[in-house]
Each structure stands twice: as C-alpha cells, then as structure tokens.
Amino acid sequence: MGELIAVLSGKGGTGKTSVCAGLAEALALQGQQVLCIDCDVGLRNLDIALGISQIGALSFQDVCQEHYGLDMATRHPVYPNLAFLTAPVNCPVENIDADSFCRMLEQARSRFAYVLLDAPAGIEAGFRLAARFADRVILVTGAEPAAIRDASRAGDVLELMGKENVRMIINRLDPKMLDVMGITVDDIMDQAGIPLLGIVPEDSQVILAAAFYQPLLGYGKKGAAAACKRIAKRIQGHKVPVKL
Ligand SMILES: Nc1ncnc2c1ncn2[C@@H]1O[C@H](COP(=O)(O)OP(=O)(O)OP(=O)(O)O)[C@@H](O)[C@H]1O
Ligand SMILES: [Mg+2]
C-alpha cells in the first residue's frame with residue numbers, strides 16, 4: 001500500500017506547492033509511481049509548479065463524486081510515473097465530503113507508491129482535510145520568525161489530531177541570511193519543535209521554471225532541484241546527509 005503525504009505549513013507562501021511539485025517529480029524520476037493532488041481549493045496552482053498548467057486536468061472532486069476514475073488523472077508529459085489531480089475551483093472546502101475524499105485516497109493508495117497532498121495556507125478546514133488521512137506530514141517553513149512560529153502552531157494542531165510522523169522542510173534557506181540573523185538550523189528546529197526532513201535553498205530557478213512552464217527538475221539541476229532529489233531519497237528511507 002502506498003503512503004499518503006500531506007504538505008502543509010501554517011503560514012502562507014512558504015513554498016508548499018513548489019516543494020510538493022519538486023518532491024513529486026523527484027520521486028517519479030527515482031522510479032516511484034506518484035499521484036499528487038492539489039488540495040488548495042479555490043487557489044490552486046500546483047499545475048503551474050509542475051509545469052503542466054497548459055494541460056487541462058481533472059479535479060479530485062470529479063473523482064470523489066465518481067464522475068471519472070483515477071485512471072483518468074492527468075499524466076505528466078515529462079514524468080510518466082507522475083499523475084496529477086487539480087483542486088475544484090467553485091467548491092468551498094466545507095462542501096467536500098470527507099468520506100468520499102477518504103475513499104478516493106484509499107483507491108489512490110492502492111495504485112500509487114506515494115500520494116502527495118498540497119494543502120492551502122492556514123490551519124483551518126483545508127489544512128485539516130489534507131492532514132486528516134495522511135500517514136506522514138511535511139511542514140514547509142521559512143527561516144523567518146513568523147514562518148517558524150506558524151510551523152510550531154501547525155505542529156501543535158497536528159499533535160492534537162494525533163499525527164505522529166511530522167517532519168519539517170526549511171525552504172528558501174540562505175546561509176548568509178542565517179549568519180546575519182545570528183541563528184542556526186538547530187535554532188529553527190528548536191523554535192519550531194519539529195524534527196528536520198530537509199533543507200531547500202533559495203533558488204531563482206524555482207521561480208523561472210514556473211514562469212517558463214517547466215517542471216523544476218527539468219529546468220534546474222542544482223540548488224532546489226538537487227535538494228528535492230535528496231529529500232525524495234530520504235522519504236524512501238535512504239540515508240542522505242543534510243546539506244546547507
Ligand atoms: N526555494 C525557493 N527559492 C526561490 N523561490 C521559491 C522557493 N520556493 C518557493 N519559491 C517561490 O515562492 C513563492 C511561493 O511559493 P509557493 O506558491 O510554492 O508557496 P505556498 O506555500 O504553496 O503558497 P500558498 O500558501 O499561497 O499556497 C512562489 O513565487 C515560488 O516560486
Ligand atoms: Mg500553495
């Protein structure tokens with residue numbers, strides 16, 4: 001059975017969608033069958049981060065409501081192991097039936113090794129929907145105080161939800177900025193109270209790949225792309241050292 005991984009943050013704009021796309025591409029490139037689902041109902045943009053915004057995609061709600069089967073999920077043109085479901089546009093998250101959502105995820109789990117859920121910002125309904133059925137949670141934070149505080153708060157909410165497998169990715173890390181701020185990665189982990197899964201550096205290729213409708217891993221080889229590949233290995237249980 002495959003693993004359900006929710007990519008969450010708390011604070012908006014920390015890079016959940018970019019990291020989710022980078023990890024999905026890396027896992028697929030490394031031979032895994034992957035489904036990634038945009039759970040940012042109303043503000044979806046995982047298709048852009050995957051470089052497939054010009055291809056029409058089925059929404060997860062279409063599958064939940066059994067209008068279409070999972071086999072109709074969009075296949076990534078560059079990574080054939082990677083399938084994608086977008087978020088419905090005109091459906092408030094409160095109207096998504098949790099039982100149907102859970103059924104769809106169980107089906108997905110039986111067909112894919114990894115199912116990644118890209119959550120909206122905040123700790124409300126969308127956060128809870130993505131986290132509720134997840135086996136593992138990845139909290140994406142920045143190094144700035146507001147992001148760390150929100151990651152810590154999100155960690156508390158996840159603990160109350162009974163989530164045990166929660167790890168943090170520090171995104172957009174700039175070692176020079178850390179020096180100027182006088183803090184270390186250890187300090188960020190202490191303040192957030194969440195163990196580290198990995199570090200993704202600040203990298204203009206994340207922005208450029210999306211601007212040129214390219215998947216990050218097709219566009220960049222170093223920086224954020226290389227970091228996503230290392231983290232994807234760790235997700236599969238390999239020991240890969242954390243690089244600053
Ligand atoms: N490692 C990085 N280096 C440089 N830019 C990045 C990096 N990660 C993300 N970005 C940029 O930061 C912005 C926000 O990223 P993204 O949309 O992935 O965040 P998000 O957490 O999903 O946002 P939201 O909370 O709105 O869903 C985007 O413009 C993205 O290109
Ligand atoms: Mg997002």
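Author: Tyr213 sits in the loop between α9 (204–211) and α10 (216–219); helices (H or I, at least four residues) and strands (E, at least two) are DSSP runs, numbered from the N terminus. The model is predicted, so local features need pLDDT of at least 70 and side-chain atom pairs pLDDT 80 or more, while totals for chains, interfaces and linings use all residues. Residues are numbered from 1 along each chain as its sequence is written, chains are lettered from A and ligands numbered from 1 in the order written, and side-chain values use heavy atoms, without hydrogens or water.

Although Tyr213 is not a glycine, its phi is positive, about 55°. Its relative accessibility is 43%, so Tyr213 counts as partly exposed (buried is under 20%, exposed over 50%, partly exposed in between; 1.4 Å probe, protein chains only).

Glu66 also has a positive phi without being glycine, in this case near 60°. The loop that holds Glu66 runs between α3 (60–64) and β3. Glu66 counts as exposed because its relative accessibility is 61%.

Strand β3 (74–75) is an edge strand, as is β8 (196–201); each pairs on one side only (pairing takes at least two DSSP bridges). The open sheet has 8 strands in the order β3-β4-β2-β5-β1-β6-β7-β8, with mixed pairing. Within the sheet, β1 (residues 3–8) and β5 (residues 114–118) run parallel over 5 bridges, and Ala6 has Leu117 as its bridge partner in β5.

Next comes the ligand. Around ligand 1 there are 17 residues, the closest being Gly13, Lys16, Thr17, Ser18 and Asp203 (a heavy atom within 4 Å). Oxygen atoms of ligand 1 lie 2.9 Å from a backbone N or O atom of Gly13 and 2.7 Å from a side-chain N or O atom of Lys16. A nitrogen atom of ligand 1 is 3.0 Å from a side-chain N or O atom of Asn171. Alone, ligand 1 exposes 630 Å², of which the protein buries 79% (Shrake-Rupley method, 1.4 Å probe).

Asp203 can also be placed relative to Asp174: they are 29 residues apart in sequence and 9.1 Å apart in space, C-alpha to C-alpha. Asp174 lies in the loop between β7 (166–173) and α7. With a relative accessible area of 31%, Asp174 is partly exposed. Helix α7 (residues 175–181) contains Met177, which is partly exposed at 43% relative accessibility.

Methods: A polar contact is a pair of N or O atoms within 3.5 Å; within protein, one must be able to donate a hydrogen and the other to accept it, and residues adjacent in sequence count only if both atoms are side-chain atoms.
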